Amino acid sequence: MAKDYSTNKPSMIVNNMGSFQRTQYGTQAVGAQYYLALLTGNIGKAGTGICDAGGVTQMAKFGSAFPPPPNKPKKVAPIPTAKLGEYVLAGKPNKINFWYTQTCGIVGQWPNANKVIEAVKSVPFFVVAESVMTPTARYADILLPATTGFEYDSVMAGARNHYIQLIEKAVEPQGEAKPDYWIMGQLAKRMGFGEAFNIPVEQMIKNVLKPSGITYEQIKKVLFARLKVLGFRSKTEFSRHLTERQTSTANLGLLKVSCLS
């Protein structure tokens with residue numbers, strides 16, 4: 001593979017969910033991809049580079065796990081990813097006194113790592129929810145133990161995967177680790193609006209899937225479905241495909257492995 005990548009031009013690395021944001025030493029793996037592209041001349045030309053090929057959110061609409069607030073919140077100006085450190089240090093668009101980060105390795109995986117580290121150090125209270133000791137976690141004032149992908153129930157329907165996939169817990173959480181949505185629910189409860197966040201995970205999954213026309217019952221039976229390659233013209237067509245897939249799976253006598261415990 002290495003020989004093919006270096007000798008065939010142009011060559012591109014598509015990392016998507018292989019970005020290792022929640023893997024120990026994941027930053028080195030991501031950095032190696034960029035160095036490899038640079039050393040082989042696969043940077044800055046058509047058909048080269050490190051590419052995020054997108055996911056199902058570009059092909060179908062999905063909702064929020066939690067219901068929207070009764071009153072629409074005031075719009076907050078965004079911070080460009082490439083300017084994260086610079087904007088935080090400058091207090092743009094607002095000065096940050098409390099920073100909570102989860103499911104993201106901002107130190108080492110976002111541009112200008114030294115500037116990001118400087119920005120993190122400048123914030124009075126920096127909280128990280130993580131399952132491993134990442135470079136970002138090392139700078140936390142408080143480090144909350146989050147579960148790994150094998151320890152909680154959820155659904156994958158995001159911007160970096162072409163599959164809608166049910167995530168089923170394989171093992172119980174280790175130590176005091178909790179899912180991110182549980183942590184959010186507990187924080188919301190202490191802030192006086194916990195009823196909006198403390199809902200069953202099954203309902204959260206249904207809320208996410210509802211705008212797509214795909215039901216929780218369908219995805220639970222087939223576990224996953226790919227959107228892009230199948231090229232559906234409508235939500236109805238995709239829903240019909242899932243129903244047909246359930247029938248064909250049953251006819252083939254395939255077993256659904258729902259957990260490893």
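**View 1. A nonpolar surface patch.** A patch is made of residues with over 30% relative accessible area and no salt bridge, and its nonpolar side chains are joined within 5 Å. In this predicted model, Tyr35, Leu38, Leu39 and Ile43 make such a nonpolar patch. The patch covers about 490 Å². Ile43 sits in the loop between helix H2 (26–39) and strand S2 (49–51). Is Ile43 buried, partly exposed or exposed? Ile43 counts as partly exposed because its relative accessibility is 38%.

View 2. Strand S6 spans residues 154–156, and strand S7 spans residues 163–167. The two strands pair in the antiparallel sense. Three bridges join S6 and S7. Val155 stands opposite Leu166 in S7. Six residues lie between the strands of this hairpin.

**View 3. Helix H6 and its cover.** Helix H6 runs over residues 180–190. Which residues of H6 are buried? They are Asp180, Ile183, Gly185, Gln186 and Ala188. Among the elements that cover these buried residues are strand S3 (98–102), strand S4 (125–130) and strand S5 (142–145). Just after H6 comes Gly192, with a positive phi of about 95°.

View 4. The protein chain has a mean pLDDT of 81. Of its residues, 81% reach 70 or more. Over residues 228–235, pLDDT stays under 50. The model has eleven contacts beyond four places in sequence for residues 228–235. Residues 245–261 also stay under 50 in pLDDT. For residues 245–261, the model has 17 contacts beyond four places in sequence. Where pLDDT is low, predicted coordinates should not be read in detail.

Key
Residues numbered from 1 in each chain as written. Predicted model: local features only at pLDDT ≥ 70, side-chain atom pairs only at ≥ 80, totals over all residues. Heavy atoms only, no water. pLDDT = per-residue confidence, 0-100. Contact = heavy atoms within 4.5 Å. Pairing = 2+ DSSP bridges. Helix = DSSP H or I, 4+ residues; strand = E, 2+ residues; numbered from the N terminus. Buried < 20%, exposed > 50% of the residue type's maximum accessible area, 1.4 Å probe, protein only. Patch = residues over 30% accessible without salt bridge, like charges linked within 9 Å, V, L, I, M, F, W, Y side chains within 5 Å. Areas by Shrake-Rupley, 256 points an atom, 1.4 Å probe, with all protein chains shown as cover. Salt bridge = Lys/Arg side-chain N within 4 Å of Asp/Glu carboxyl O.
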